[in-house]
Amino acid sequence: KPYLLEYPDLRRMVEQLFEIAFSNGTHAAGMVISDSRRPLLKEVPLARSGSEGQQTSAYDMEVLKKMGFVKFDILGLGALDIIDDCCKFADIEVDFAKFEFDDLKVFETINKGNYLKIFQVEGQASIQGIKAMGGIQEFEDIVAMNALGRPGAIQFLSRFCEWRKDPMAINYPDEKLYEFLHKTHGVILYQEQVMAISKYLAGFDDHRVDDVKEAIKFFRDEVFDEIRPEFIAGCIKNGVNNPEEIFGMIKDFAGYGFNRAHAVAYSTIGYVTAWLKTYHPAAFYAAALNHTEKDNYQPIIGEARRNGIEFLPPHINKSEAGFTLDGGKVRFGISSVAYCSEATAAEIISKRPFANLQDFEARIAARKCNSRSRLNLMSVGAMNDLEGFEAVLTLVERRQLQRELIGVAIEYSTEEMDRIKEDNPELGIRVGLISSEKRIVTKKGDPMGFVKLEDGGSDLTLFPQVWLSYKHLKPSKGDLVKAYGRVDKTNGRDAFIVNEVQVYG
């Protein structure tokens with residue numbers, strides 16, 4: 001401030017910069033659409049945005065709206081690709097229009113904690129909501145969870161859960177609200193509910209209802225201040241009790257209000273992904289992995305194994321480029337192996353079947369599959385049953401190479417699979433292969449440690465006495481460990497406190 005007072009010319013220059021936009025952004029899915037009567041090139045200044053230089057409007061969406069243009073949000077959802085691939089693997093068709101949304105087995109899949117790749121369910125806010133509800137009991141719970149999981153709306157979760165559990169505790173400022181709020185247990189969750197209340201209790205016409213919708217969508221105080229006396233007067237005229245309290249409920253809801261139509265559409269996709277996961281699990285996991293980055297394979301594979309799904313390594317005569325089904329098991333693709341590109345996979349697929357190793361070596365072009373690629377395929381087990389190929393690696397050795405060249409250990413013995421199926425942290429059991437361990441010293445000078453398992457789930461926390469018992473068993477990376485204890489989520493952690501541990505070498 002002293003500098004601005006001392007240099008008045010500088011002050012005038014600086015004041016011209018106040019409230020001027022200093023950067024521009026691009027809406028994630030917004031598309032401005034017009035027709036030949038109003039060409040965008042003539043009426044809207046264009047700019048380049050993003051690393052690809054995408055054409056965007058230099059006007060923001062509010063200016064475009066005032067000009068009479070319409071912005072459409074056109075979203076591309078990966079979940080639809082997973083549904084499509086899963087249906088192809090399972091050889092089924094899903095007709096959304098004929099789908100039933102009341103299958104208790106589907107709700108059980110979600111309630112058991114199988115959240116991964118279920119659309120709009122696997123996020124932490126959604127999981128928190130499901131657990132607070134005590135589980136999903138009907139499709140409307142999924143819709144509500146979609147709305148409650150939005151930033152800010154989580155503040156209504158405890159009230160929603162309390163009144164859902166005890167409907168007699170619901171306190172309606174006026175009994176007329178029951179018609180609009182009973183399906184959401186007395187809590188305003190959707191924009192459409194506010195619009196209906198404004199229309200049928202306050203007597204607003206459609207244009208005024210749209211003003212209310214815009215106010216709650218963007219939390220516009222000035223619109224609320226303007227609407228308030230009209231809303232209250234309308235409610236009094238229609239014999240509605242406690243209009244001030246009702247208006248307060250609407251204003252509390254503002255800024256977080258979700259569109260019910262949007263929530264239902266998202267919940268429909270979420271339910272269908274959960275249905276596929278319930279009735280066609282192997283096909284679902286294969287499809288899900290095809291639309292997942294390599295770094296994120298492990299948690300999905302870990303969940304699949306806990307549900308009894310088995311995995312097969314890549315095979316030059318049986319694998320495609322990506323994940324597929326093979327006899328009810330999930331087969332890894334050729335391109336999952338290090339230095340095996342899509343072009344490498346295409347070359348192998350186009351020339352197969354291969355009778356033996358010599359046949360493979362003779363017919364595959366070195367420029368498409370070089371010596372390193374071939375060695376990697378051999379190392380992970382992709383040629384094990386070819387005539388003339390001598391498999392000299394043990395399961396443990398091959399599994400280690402799979403970790404290095406694919407990113408995950410694929411092959412498990414029958415005994416290991418049987419034990420992994422027992423993994424259920426919520427019931428106090430963690431089972432998995434040791435990925436790494438870390439030793440620390442407590443303030444009292446006692447050693448304790450943390451163990452990561454390959455399934456990507458919660459880490460094991462071993463306090464001094466249990467840590468000593470664990471180390472006495474001489475565990476190694478890749479050994480199977482079975483731990484008894486409890487889940488600990490305090491301070492945002494996701495850990496498993498171990499009381500007793502067993503190691504199988």
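Figure 1. E15 is partly exposed, at a relative accessible area of 39% (buried is under 20% relative accessible area, exposed over 50%, partly exposed in between; 1.4 Å probe, protein chains only). R11 is partly exposed too, at 36%. Their side chains form a salt bridge, N to O 3.0 Å (a side-chain nitrogen of Lys or Arg within 4 Å of a carboxyl oxygen of Asp or Glu). Both residues sit in helix α2 (residues 8–15), 4 residues apart, and so about one helical turn separates them. Helices are DSSP runs of H or I with at least four residues, strands are runs of E with at least two, and both are numbered from the N terminus. The model is predicted: local features need pLDDT of at least 70, side-chain atom pairs count only at pLDDT 80 or more, and totals for chains, interfaces and linings use all residues. Residues are numbered from 1 along each chain as its sequence is written, and side-chain values use heavy atoms, without hydrogens and water.

**Figure 2. D35 and R37 form a salt bridge.** The closest N and O atoms of D35 and R37 are 2.7 Å apart. D35 is partly exposed, with 35% relative accessible area. R37 is exposed, at 71% relative accessibility.

**Figure 3. A salt bridge joins D455 to R306.** Here the closest N and O atoms are 3.3 Å apart. D455 lies in the loop between β9 (447–453) and β10 (459–462), and R306 in helix α17 (residues 297–306), so the pair ties together parts 149 residues apart in sequence. D455 is buried, at 9% relative accessibility. R306 is partly exposed, with a relative accessible area of 26%.

Figure 4. Side chains of opposite charge can pair when their charged atoms come close. Over the whole structure, a search finds 36 salt bridges.

**Figure 5. Helix α8 packs on helix α15.** Two packed helices are described by the angle between their axes and the distance between the axes. Helix α8 covers residues 139–148 and helix α15 residues 260–279. Their angle is about 120°, and their axes lie 8 Å apart. Axes are lines fitted to C-alpha atoms, for helices over the stretch in contact, with angles from 0 to 180 degrees between N-to-C directions. α8 and α15 are therefore oblique to each other (under 35 degrees is roughly parallel, over 145 roughly antiparallel, 65 to 115 roughly perpendicular, the rest oblique). The crossing of α8 and α15 is right-handed: the near helix is turned clockwise from the far one by less than a right angle. From α8, the contact (heavy atoms within 4.5 Å) takes in F139, E140, I142, V143 and N146. From α15 come R260, A263, V264, Y266, S267, T268 and Y271. By class, the residues of this contact are 7 nonpolar, 3 polar and 2 charged. Ala, Val, Leu, Ile, Met, Phe, Trp, Tyr, Cys and Pro count as nonpolar, Asp, Glu, Lys and Arg as charged, and the others, Gly among them, as polar.

**Figure 6. Helix α5 packs on helix α16.** Helix α5 (residues 78–90) meets helix α16 (residues 281–290) at about 135°, with axes 8 Å apart. That angle makes α5 oblique to α16. α5 passes α16 in a right-handed crossing. α5 contributes I82, D85, C86, F89 and A90 to the contact. α16 contributes A283, F284, A286, A287, A288 and N290. The contact of α5 with α16 has 9 nonpolar, 1 polar and 1 charged residues.

Figure 7. The peptide bond from R352 to P353 is cis, with omega near 5°. P353 lies in the loop between α18 (342–351) and α19 (357–363). Q120 is not a glycine, yet its phi is positive, near 65°. Q120 sits in the loop between α6 (104–111) and α7 (124–133). Q120 is partly exposed, at 25% relative accessibility. N242, also not a glycine, has a positive phi of about 50°. N242 belongs to the loop between α13 (221–237) and α14 (243–253). N242 is partly exposed, at 40% relative accessibility.

**Figure 8. K444 in its loop.** K444 is found between β8 (429–441) and β9. K444 is exposed, at 78% relative accessibility. The C-alpha atoms of K444 and N259 are 55 Å apart, and 185 residues separate the two along the chain.
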